[in-house]
Amino acid sequence: MNNHGPKSKIAFKKARTIAPLYTGGPVAITRNGLWLITCVGEQALLTDLESGAEICRFAGDTESITALCTAPSGKHLMIFTASMALRIYGLPTSATPILKPVSPIRVISRAHDAPVYVCKADPTSTYLASGAADGTVKVWDIVRGFPTHVLRGHGGVVSAIAWSYPRATELEARKMRLFTASVDTRIRVWDLSQGAEQARVGKQVKPEAVLEGHVSVPRGLDVSEDGRWLVSGGRDQVVLVWDMGERKLKKSGKGKEKEAWPALANTITALERVEAVGILGEEVDAGESSSRLKHLRFFTAGEKGVVRIWDGKAGEVLRAFGEEQDANPEDQEEQRQILDAFYVPSTSSIVSIHADQNILFYSLADGALYRQLIGFNDEIIDTALLCSGQSSEHVALATNSSLIRIYSTESFDARLLAGHRDIVLSLAANSSGRMLASGAKDNSVRLWAPQDTESGWGCVATCEGHAESVGAVVLSVRTCLDTYSQEPRPHIKVWDLRGVPAEVYASAPVRCKSVSTTRAHEKDINALDSSPGGTLLVSGSQDKTAKIWAVDRSSGALKPLGTCKGHKRGVWSVRFARGTRILATGSGDRTVRLWRLDDFSCLKVFEGHANSVLRVDWLGGEKDVQGQVVSASADGLVKVWDSRTEECVATLDGHEDKVWALIVSRDNKTIISGAADSVVTFWEDCTEEQEAARESARVELVLKEQDFLNYVALQDYRRAIEVALSLGHPGRLLQLFKGLNGDSGVTGSADVDRVLQELAPTDLVRLLRYVRDWNTRASGAAVAQRVLHAIVKLRPAEDIGHAFGDAGTGEERVGLHELVEGLIPYTERHLARMERLVQESYVVDYVLREMDDGLAEDDDEAMDVDPVHDALLPVNVRT
């Protein structure tokens with residue numbers, strides 16, 4: 001075996017993730033149609049729709065979110081929680097990700113006395129209307145955070161809110177109206193200017209009009225921009241169109257004429273419970289002829305999961321988006337009814353929110369579904385890498401659902417493949433990625449192929465005839481092999497795929513024929529894999545073994561070749577190497593083993609996982625060159641192993657639960673892992689980037705060190721200190737300050753004084769940290785005290801304090817209090833040592849004086865002292 005292969009990949013970065021986007025609750029979209037706000041648990045999540053990336057999360061109060069909305073200006077987000085609190089946030093100004101949760105700019109702890117389920121901001125982004133479960137509607141000043149109106153009189157939970165603020169006309173001044181609906185089936189119209197006057201004089205605010213026409217709770221309200229038309233839809237399967245401009249007289253019960261305003265202009269039967277309505281702009285082409293462009297058009301969405309565009313005058317459906325489902329889908333696993341819908345004028349699209357936590361985007365121009373976001377995937381069970389075009393790659397996911405998720409790796413736009421009647425357990429793609437096989441609990445296997453670039457994939461064949469669930473499936477050259485459990489022992493079933501089309505046609509799926517059934521193991525089969533040439537098959541089982549089979553290309557019969565024994569627990573995953581006759585297996589005994597296919601002996605054992613190894617795959621490898629091994633475990637880690645040295649070269653930590661799905665891209669640059677935490681992570685190889693960055697840093701370090709030496713030699717202390725601080729070399733700085741022997745300035749050099757006086761905040765904090773470290777040693781204490789004295793004398797105290805506030809994060813984030821606490825004890829110790837030295841010097845003076853007095857008893861016998869030597873004695877000795 002040739003051990004001189006390609007360079008190992010030892011570094012990976014988390015390039016992107018597919019994480020839970022929406023777990024239920026209210027949804028909002030910004031007016032420009034670029035950002036989406038959804039609820040994930042108890043937090044609100046802001047997502048960039050173009051890239052699918054998470055921008056930020058908004059900090060919650062540990063209570064579930066009951067209502068939210070954005071201001072049309074795009075500056076504020078308003079959230080109501082189950083604690084009846086109103087939390088107002090400022091929206092980011094750019095799509096740059098924010099790591100920390102965004103805190104609210106204002107919190108009103110008790111905004112209502114009951115939970116709020118609907119809220120909406122007015123067109124000017126000045127006011128917010130909120131409707132509570134106790135029938136109270138409050139209008140808030142968004143910026144100042146106080147209620148301007150309190151509207152009562154509703155007979156139960158407020159179910160819908162709409163604003164109207166049309167432009168002023170010659171006949172009528174501009175008025176701001178609020179429309180509210182509640183479970184008492186009535187719609188109330190409030191004139192807010194008139195209501196403010198009534199509240200000012202102490203009167204109860206009364207609605208301008210009360211509209212009766214629905215017999216069930218109205219769930220959708222919308223008003224045209226000119227304020228002329230009001231559209232209301234309810235769960236009574238009726239949509240009412242109200243004329244706000246026409247005032248009619250009708251006779252009351254006593255024969256008197258009474259003004260009826262607004263007038264009911266049209267009643268439209270929707271034939272489904274309506275959950276959302278919205279009026280479309282006049283510029284929208286909804287499919288009607290040009291002569292009818294000025295007609296009133298609106299959309300409805302409800303329990304059948306379809307968005308319909310209506311002509312408000314004729315009451316006709318102009319276009320429908322989506323596939324209609326049964327009115328009572330309670331027996332279905334996936335609930336497709338629409339809970340809410342929005343019209344986005346900037347993108348000319350309609351966004352629908354479905355009960356199965358999916359968000360769909362329809363284009364009004366051509367009615368196409370151009371984007372679909374899957375809110376929550378549950379546990380990721382298996383994955384496969386697909387290729388529907390020359391450069392378009394997709395990832396197929398099997399979750400705890402009968403629907404297969406197909407994600408675009410570029411934009412995370414998703415599609416759902418329906419066909420199975422129970423949970424999909426396994427996925428497999430052929431070598432080209434143009435065909436997908438899926439096995440499910442409904443005892444069947446389905447084959448999927450690309451339909452077209454817009455609508456994704458479709459079912460082209462089915463394999464039926466299993467007695468129980470299909471636990472594993474693999475695609476060979478022109479055959480499909482899968483397993484199913486059946487007493488007394490599990491079997492492997494081989495299917496002939498020669499009649500299966502490579503693309504989806506209008507005809508029904510082909511029914512494949514089983515060509516062989518083989519008894520394989522004593523216990524359940526967990527995994528299958530086919531060799532690159534399709535001549536060998538391996539099966540891994542709970543009986544702790546992996547068996548290798550020879551595949552007869554003509555008959556599909558399986559012939560046993562050997563058994564790999566050595567694992568102490570069940571084998572969860574098997575994978576053939578791409579360029580060598582090596583097999584990798586992962587087991588519940590927490591090990592990965594490599595086997596030689598010539599004699600089925602164990603070559604190597606990789607140990608390092610803390611739990612069962614659930615998936616293995618090969619990274620790289622070509623003819624006669626052994627690649628690296630990638631393993632995923634129930635401990636939530638993905639490990640990359642050097643297959644020659646048995647060393648773990650990288651550990652990828654990006655999951656919080658069992659990693660069930662693992663696959664390597666065809667170019668061997670990306671590892672894709674999916675786990676039970678419903679997160680899919682894309683790990684991109686960055687080995688070359690890290691090596692290039694490391695080499696660049698080394699070259700830069702050498703150049704800076706040479707620059708430092710040059711500056712010191714030239715006595716350019718300013719640049720020398722700046723370079724030493726940028727290098728992070730406290731030892732070089734210490735030697736530089738020790739070498740200052742001049743008499744000018746506080747430090748001995750006027751140039752150094754100016755540098756200390758003009759240091760940037762980050763550099764100043766770093767230098768003070770070095771001073772603290774120098775001060776702990778007697779050899780550096782003098783320099784430390786001199787530099788500290790210079791900084792304190794040359795810079796004001798406020799400047800030093802602000803420097804610590806402006807310093808960055810990480811090791812530079814040293815608190816001023818901590819720094820002072822580190823300086824004081826050692827400074828006191830050094831001062832005490834100096835005082836002891838001074839005291840000891842007085843003892844020396846005393847001894848020398850006594851010695852001088854004893855030797856000279858009289859003047860005659862006094863010692864003659866040479867004047868030259870006397871001049872060299874210390875002053876205290878001479879005296």
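**Reading charges, bridges and hairpins**

Student: Where does D378 lie?

Tutor: D378 lies in the loop between strand 31 (369-374) and strand 32 (380-387). Helices (H or I, at least four residues) and strands (E, at least two) are DSSP runs, numbered from the N terminus. This is a predicted model: local features need pLDDT of at least 70, side-chain atom pairs count only at pLDDT 80 or more, and totals for chains, interfaces and linings use all residues. Residues are numbered from 1 along each chain as its sequence is written, and side-chain values use heavy atoms, leaving out hydrogens and water.

Student: Which residues form a positive surface patch?

Tutor: K523, K544, R569 and R590 do. R590 sits in the loop between strand 50 (582-587) and strand 51 (591-596). R590 is partly exposed, at 44% relative accessible area.

Student: How many salt bridges does the structure hold?

Tutor: A salt bridge needs a side-chain nitrogen of Lys or Arg within 4 Å of a carboxyl oxygen of Asp or Glu. The structure holds 31. One of them joins E50 and R371 (3.9 Å, N to O). E50 is in the loop between strand 4 (43-48) and strand 5 (54-58) and R371 is in strand 31, so the pair ties together parts 321 residues apart in sequence. E50 is exposed, at 53%, while R371 counts as buried, at 14%.

Student: Which residue forms a salt bridge with D243?

Tutor: R228 does, with the closest N and O atoms 2.4 Å apart. D243 is in strand 20 (residues 238-243) and R228 in the loop between strand 18 (218-223) and strand 19 (229-234), 15 residues apart. D243 is buried, at 3%. R228 is partly exposed, at 35%.

Student: Where do R766 and D763 lie?

Tutor: Both lie in helix 6 (residues 761-774), three residues apart, about one turn of the helix. R766 is buried, at 14%, and D763 is partly exposed, at 22%.

Student: Which residues are linked in a network of salt bridges?

Tutor: E272, K304, R308 and E324 are linked that way.

Student: How many bridges join strand 10 to strand 11?

Tutor: Two strands pair if DSSP finds at least two bridges between them. Strand 10 (residues 116-121) and strand 11 (residues 127-132) run antiparallel, joined by five bridges. V116 faces A132 of strand 11. Their hairpin has five residues between the strands, and S125 takes a positive phi near 60° there.

Student: Why is strand 57 largely enclosed?

Tutor: Six of the six residues of strand 57 (residues 659-664) are buried, so the rest of the structure largely encloses it. Strand 57 pairs antiparallel with strand 58 (residues 670-675) over five bridges. L662 is opposite S673 in strand 58. In this hairpin, with five residues between the strands, N668 has a positive phi near 60°.

Key:
Patches are made of residues with over 30% relative accessible area and no salt bridge: like charges are joined within 9 Å, nonpolar side chains (Val, Leu, Ile, Met, Phe, Trp, Tyr) within 5 Å. Accessible areas come from the Shrake-Rupley method with a 1.4 Å probe; for residues, only the protein chains shown count as cover. Lys and Arg count as positive and Asp and Glu as negative; His and the chain ends are not counted. The place of a charge is taken as NZ of Lys, CZ of Arg, CG of Asp or CD of Glu. Buried means under 20% relative accessible area, exposed over 50%, partly exposed in between (1.4 Å probe, protein chains only).
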